[in-house]
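Me: I have a structure open and would like to learn how to read some of its features. Where do we start?

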Amino acid sequence: MASNFQHMGGAGIEIQGLSKHFGEVRAVDDVSLQVQPGEFLALLGPSGSGKTSILMSIAGFELPDAGRITIDGRDVTYLTPGKRNLGMVFQKYSLFPHLNLLDNVAFGLKMRGVGRAERQRRAEEALATVRLDGYGQRMPAQLSGGQQQRVAIARAIVYRPQVLLMDEPLSALDKNLREEMQLEIKRLQLELGITVVFVTHDQGEALTMADRVAVLSNGRIQQLGTPRALYEVPEPRFVAGFIGETNFLPVRIDAVNDAGARIALPGGSVRSVPAHAVVGEMAAGVLATAAVRPEQIMLVAPQSEGSLGATVASLVYSGATVLCIAQLADGTEVRARLPGAGCPSVAQGERVGLAWSDDALRLYAEEASA
């Protein structure tokens with residue numbers, strides 16, 4: 001990789017009270033967050049959650065109805081995109097089919113009046129940075145999807161921006177290539193030290209690449225934290241359901257004290273939930289929802305103490321794991337994801353017990369599910 005592209009450094013971003021409406025729809029609803037210099041932040045959420053509108057507001061392609069955006073301490077809220085010194089990678093690569101890769105990457109520099117020798121040198125450096133050195137004379141049609149994506153990234157960093165914005169750039173790639181590019185983009189970000197804001201609806205992508213993830217729904221940030229924190233300690237029920245796989249079980253509160261809550265699970269089994277895993281206000285006699293990850297469930301003998309009795313409905317083998325889908329007596333479906341190696345030998349229709357540690361549970365009050 002060319003030395004001029006090493007340690008470019010990143011700029012901090014601060015968003016204060018950002019709102020954006022499209023008619024009656026609140027695409028972004030009073031969002032505030034800070035992105036540290038050199039941080040990789042993922043904006044994650046379902047379609048319509050506001051993630052792309054936030055990214056477009058940072059880029060300057062959309063102007064907010066309220067709020068303020070600063071980059072490296074400079075107010076850019078109403079500046080045009082060209083005055084923000086940002087790199088942008090879109091979902092569609094939009095390479096010029098009639099230009100070779102070198103001219104594709106150098107095109108923006110040409111529009112900015114950079115001399116031919118200088119823009120060619122910088123384009124070659126950018127291609128080397130994304131591991132496409134020696135490819136400059138090839139045409140876009142000669143490249144794979146992953147290579148075209150690398151050219152799009154080279155085109156974005158050729159300006160040497162301090163911030164790189166990426167709008168679902170890997171969604172058009174197949175699974176294996178997408179996973180390869182996730183690691184490649186993360187490598188590039190670490191080597192350059194650049195700040196990255198990355199929009200995705202793929203939670204696996206966000207957890208793999210980001211230093212922190214902002215989970216959005218209905219134009220608001222539901223939770224902001226490290227991938228591990230979001231997965232292991234999801235605060236609202238929405239995040240528990242959106243990040244990874246989760247079983248939600250209807251329960252009744254038997255008792256509440258300083259240590260936590262005692263709950264009655266479907267079928268009458270009583271378990272304890274520690275106070276740190278109780279989300280929302282609880283009271284004895286009310287209904288609530290318990291959450292447990294499939295990989296935290298073990299299969300034990302039927303009627304084992306503290307377990308839930310269930311019937312195996314189906315088994316799905318996927319190599320590293322086996323997904324056991326079981327049904328409780330009331331019809332509630334529970335999924336257990338078991339290690340492929342050493343998985344207990346069970347068959348469809350067999351009675352089993354489902355067990356987990358108390359620390360595996362999180363308890364959400366009824367109102368917390370909204």
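Reply: Start with exposure: a residue is called buried under 20% relative accessible area, exposed over 50%, and partly exposed in between. This is a predicted model. Arg131 has a relative accessible area of 47%, so it counts as partly exposed.

Me: Is Asp72 buried or exposed?

Reply: Asp72 counts as exposed because its relative accessibility is 53%. Its place is the loop between β4 (66–71) and β5 (74–75).

Me: And what about Gln149?

Reply: Gln149 has 0% relative accessibility, so it is buried. It belongs to helix α4 (residues 145–157). Apart from neighbours within four places in sequence, Gln149 contacts Val89, Tyr93, Pro169, Leu170 and Met181.

Me: How do α2 and α3 pack?

Reply: Helix α2 (residues 101–111) and helix α3 (residues 116–129) make an angle of about 125°, and their axes are 9 Å apart. Angles of 65 to 115 degrees count as roughly perpendicular and those over 145 as roughly antiparallel, so α2 is oblique to α3. The crossing of α2 past α3 is right-handed.

Me: Which residues make that contact?

Reply: From α2 come Leu101, Leu102, Val105, Ala106, Leu109 and Lys110; from α3, Arg119, Gln120, Arg122, Ala123, Glu124, Ala126 and Leu127. By type, the residues of this contact are eight nonpolar, one polar and four charged.

Me: What is the strand order in the sheet of six strands?

Reply: The order is β6-β7-β8-β3-β9-β10, in an open sheet with mixed pairing. At the edges are β6 (86–89) and β10 (220–225), each of which pairs on one side only. On average, neighbouring strands are turned by 15° against each other, direction ignored.

Me: How many bridges join β9 to β10?

Reply: Five bridges join β9 (residues 212–217) to β10, and these strands run antiparallel.

Notes:
Residues are numbered from 1 along each chain as its sequence is written. This is a predicted model: local features need pLDDT of at least 70, side-chain atom pairs count only at pLDDT 80 or more; totals for chains, interfaces and linings use all residues. Side-chain values use heavy atoms; hydrogens and water are left out. Axes are lines fitted to C-alpha atoms, for helices over the stretch in contact, and angles run from 0 to 180 degrees between N-to-C directions. Helices (H or I, at least four residues) and strands (E, at least two) are DSSP runs, numbered from the N terminus. Angles under 35 degrees count as roughly parallel, over 145 as roughly antiparallel, 65 to 115 as roughly perpendicular and the rest as oblique. A crossing is left-handed if the near helix is turned anticlockwise from the far one by less than a right angle, and right-handed if clockwise. Contact means heavy atoms within 4.5 Å. Ala, Val, Leu, Ile, Met, Phe, Trp, Tyr, Cys and Pro count as nonpolar, Asp, Glu, Lys and Arg as charged, and the others, Gly among them, as polar. Two strands pair if DSSP finds at least two bridges between them. Buried means under 20% relative accessible area, exposed over 50%, partly exposed in between (1.4 Å probe, protein chains only).
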